[in-house]
Amino acid sequence: MQQTAIITGGTGGMGLATARIIGVDHRIVLADVDGGRLDRAVDELTAAGIEASGTVCDITDRASVDALIDDAERGGHVRALIHTAGVSPQMGDARFIARINAVGTVNVVESYLRVAGEGDAI
């Protein structure tokens, strides 16, 4: 079974660029809060010959992240999780930035550690 990589914030510049590299030998699961952006990114990767799917996920909601990980695992072991989701000061106030960049990161890491095994990467 092909290995899987999840990319949070996978519809942005860094996430999509990473998907093109990792997608050479992994099935890609993109995660983002915007379903329309997910659809466009998945279409772009698929057109490039990369096996990709998208999952709407709010990284600030632990249940949403757990569902992302569990859904991705059904398609093959999640070998890697690349966390590129984040916001800058121009995108919101301090509370918003802390929710996304801090709480979101904790949720992503803790949820992935439930399924990670030896040799897996985050």
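Biologist: Let me start with the helices: in a left-handed or right-handed crossing, how does H1 pass H2?

Modeller: H1 passes H2 in a right-handed crossing. A crossing is right-handed if the near helix is turned clockwise from the far one by less than a right angle, and left-handed if anticlockwise. Please remember that this is a predicted model, in which local features need pLDDT of at least 70 and side-chain atom pairs count only at pLDDT 80 or more, while totals for chains, interfaces and linings use all residues. Residues are numbered from 1 along each chain as its sequence is written, and side-chain values use heavy atoms, without hydrogens and water.

Biologist: What angle and axis distance go with the packing of H1 and H2?

Modeller: Two packed helices are described by the angle between their axes and the distance between the axes. Here helix H1 (residues 13-22) and helix H2 (residues 35-47) pack at about 30 degrees, their axes 11 Å apart. H1 and H2 are therefore roughly parallel (angles under 35 degrees). Leu 16, Ala 19 and Arg 20 of H1 meet Ala 41, Glu 44 and Leu 45 of H2 (contact means heavy atoms within 4.5 Å). By class, 4 of these residues are nonpolar, none is polar and 2 are charged. Helices are DSSP runs of H or I with at least four residues, and strands are E runs of at least two.

Biologist: How do H3 and H4 cross, left-handed or right-handed?

Modeller: That crossing is right-handed. Helix H3 (residues 62-74) packs against H4 at about 40 degrees, with the axes 9 Å apart. The pair is therefore oblique. On H3 the contact uses Arg 62, Val 65, Asp 66 and Ile 69, and on H4 it uses Asn 107, Val 108, Glu 110, Ser 111 and Tyr 112. The contact has 4 nonpolar, 2 polar and 3 charged residues.

Biologist: Now the sheet: in what order do the strands stand?

Modeller: Strands of a sheet pair through backbone hydrogen bonds, either parallel or antiparallel. In this model, 4 strands form an open sheet ordered E3-E2-E1-E4, with parallel pairing (at least two DSSP bridges per pair). Strand E3 (52-56) and strand E4 (78-83) are at the edges with a single partner strand each, so one side of each has no neighbour in the sheet. Neighbouring strands are turned by 20 degrees against each other on average, direction ignored. Strand E1 (residues 4-8) is joined to E4 by 5 bridges, and Ala 5 stands opposite Ala 80 in E4.

Biologist: Which strands does H1 lie across?

Modeller: H1 lies across E1, strand E2 (27-32) and E4, running at about 170 degrees to E1. H2 also packs on the sheet, touching E2 and E3, and its direction makes about 170 degrees with that of E3.

Biologist: And where does Asp 120 lie?

Modeller: Asp 120 is in the segment after helix H4 (94-113). Beyond residues up to four places away in sequence, Asp 120 touches His 77, Val 78, Arg 79, Tyr 112 and Val 115. A polar atom of the Asp 120 side chain lies 2.7 Å from the backbone nitrogen of Gly 117.

Note on methods. A polar contact is a pair of N or O atoms within 3.5 Å; within protein, one must be able to donate a hydrogen and the other to accept it, and residues adjacent in sequence count only if both atoms are side-chain atoms. Axes are lines fitted to C-alpha atoms, for helices over the stretch in contact, and angles run from 0 to 180 degrees between N-to-C directions. Angles under 35 degrees count as roughly parallel, over 145 as roughly antiparallel, 65 to 115 as roughly perpendicular and the rest as oblique. Ala, Val, Leu, Ile, Met, Phe, Trp, Tyr, Cys and Pro count as nonpolar, Asp, Glu, Lys and Arg as charged, and the others, Gly among them, as polar.
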